[in-house]
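Subject: Handover of a two-chain model

Dear colleague,

Please find the structure we spoke about directly below.

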Amino acid sequence: MGSVEHLGRGAGRISGDLGDLVPSPRPRARPAKRDRTQTVVRGFGEALITLGMVVLLFVVYEVYVTDLISAGKQREAAAELDDRWSDPTIGGGERQDHYGDFAEGQGFAKMYVPKFGADFHFTVVEGTTAASLEIGPGHYTDTAYPGEPGNFSVAGHRVGKGAPFNDINLIESCDAIVVETRFSWFTYRMVPLEEEKAGWAEGKGKDPRCEGVAPLGGAYEGLVGQRIVLPTNGGVIAPVPGNPEASPSAGEMAAMMTLTTCHPRFSDKERLIVHAVLTEELDKDPNKPDLRPAALEETG
Amino acid sequence: MYSWIWRHLPGPIAVRVALAVVLAAGVIALLLFVVFPWLEPLLPFNNVTTE
């Protein structure tokens, strides 16, 4: 017995752990200090495991739970917007969009990217605060409104919170981004990428969808459809994207649309930017509620 | 930590299990609806605007 006892403390420890079950007085004779060390080490281990679980839970929250929360808010914003649009007492009798008096977080337009399927549509809200972007894509308050000359700029989440702009890197030149306001439809199309610019007229520009998307000149020289910039590059939402100093006269000012989101996914190191130009404008007709821009059918 | 909580839960084993589940659910709800929404804007994950 004595030699077995001598074999190692481990053997004694095991019976010590089972102390409640094994009626052996021997392990209890161990110093109390040992138990405290054990408790501390175990507590530390449990704390680490718990921390790991919390981090995992945070990932689940970020990627899935925020989606659910945002989907509810987006539904509410869309319903509120539909109510407002169908209320003839708002905005008087004239069929003209009035912008500018929207509250932060209030929906005022809907955007569609037909390429992402007929069910890809989001209500665009005013403002780009965290609370607004939780509802849906948010309009930079200082930028133009849909259809206006200037740069209608919209920010959207790429991960969680509904992730409206998850796939905007897949938008190609000439792909449509359709914006619906109360009285109009505006079709924007992504402008050429840098490598497509040379030989545009003979190349991709021949596609009938690309009408009106040719590379722009003048102050818009250097504008490309998609790029990745640093977060400090606020010029991308300037009236002339990427050229904040330019101030073209009203006639030369194009109607642009800009989308911004984070890049790469799960990081805020950079921003992914998509620029599009207005190619078609369609007034809604109360007598023809089914009148919609043809671009909406370009699903794929 | 967990064994301490377990030892301090009252009642027979079924009640203890139920209490433990309720406790865990409470902690998860607290994390999901209070702690994470507060924490999230402080982390560099999801800023989508330019300055």
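The notes below take the model's confidence, then each chain, then the contact between the chains, and lastly a few residues.

This is a predicted model, in which local features need pLDDT of at least 70 and side-chain atom pairs count only at pLDDT 80 or more, whereas totals for chains, interfaces and linings use all residues. Residues are numbered from 1 along each chain as its sequence is written, while chains are lettered from A and ligands numbered from 1 in the order in which they are written.

On confidence, the model scores ipTM 0.89 and pTM 0.81.

Chain A contains 6 helices and 9 strands, where helices (H or I, at least four residues) and strands (E, at least two) are DSSP runs numbered from the N terminus. Of its 300 residues, 33% count as buried; a residue is buried if 20 or more other C-beta atoms lie within 10 Å of its own, exposed if 12 or fewer, and partly exposed in between, with C-beta atoms placed from the backbone. Among the contacts in chain A with a separation of 6 or more, 58% come from residues 24 or more positions apart, two residues being in contact if their C-beta atoms, placed from the backbone, lie within 7 Å.

Chain B has 2 helices and 0 strands, and 10% of its 51 residues count as buried. Its radius of gyration (taken over C-alpha atoms) is 18 Å, whereas a compact globule of 51 residues would have a value near 10 Å, by a rule of 2.2 Å times the number of residues to the power 0.38. The C-alpha trace of chain B spans about 60 × 20 × 10 Å along its principal axes.

The contact between the two chains takes 30 residues from chain A and 15 residues from chain B. On the side of chain A that touches chain B, the elements giving two or more residues are α4, α5 (130-135) and β8 (255-263), and the largest share, 9 residues, comes from α4 of chain A. That side divides into 15 nonpolar, 10 polar and 5 charged residues, with Ala, Val, Leu, Ile, Met, Phe, Trp, Tyr, Cys and Pro counted as nonpolar, Asp, Glu, Lys and Arg as charged, and the others, Gly among them, as polar.

Within helix α4 (residues 32-85) of chain A lies A:T66, which counts as buried because it has 23 C-beta neighbours inside 10 Å. Leaving aside neighbours within four places in sequence, A:T66 is in contact with A:Y61, A:G160 and A:K161.

Some backbone details may also deserve a look. In the loop between β4 (150-155) and β5 (176-180) of chain A sits A:A163, which has a positive phi of about 40° although it is not a glycine; A:A163 counts as partly exposed, because it has 18 C-beta neighbours inside 10 Å. The loop between β4 and β5 also holds A:C174, another residue other than glycine with a positive phi, near 75°, but A:C174 is buried, with 23 other C-beta atoms within 10 Å. Finally, a cis peptide bond with omega of about -15° joins A:H263 and A:P264, and A:P264 is placed in the loop between β8 and β9 (270-283) of chain A.

With best regards
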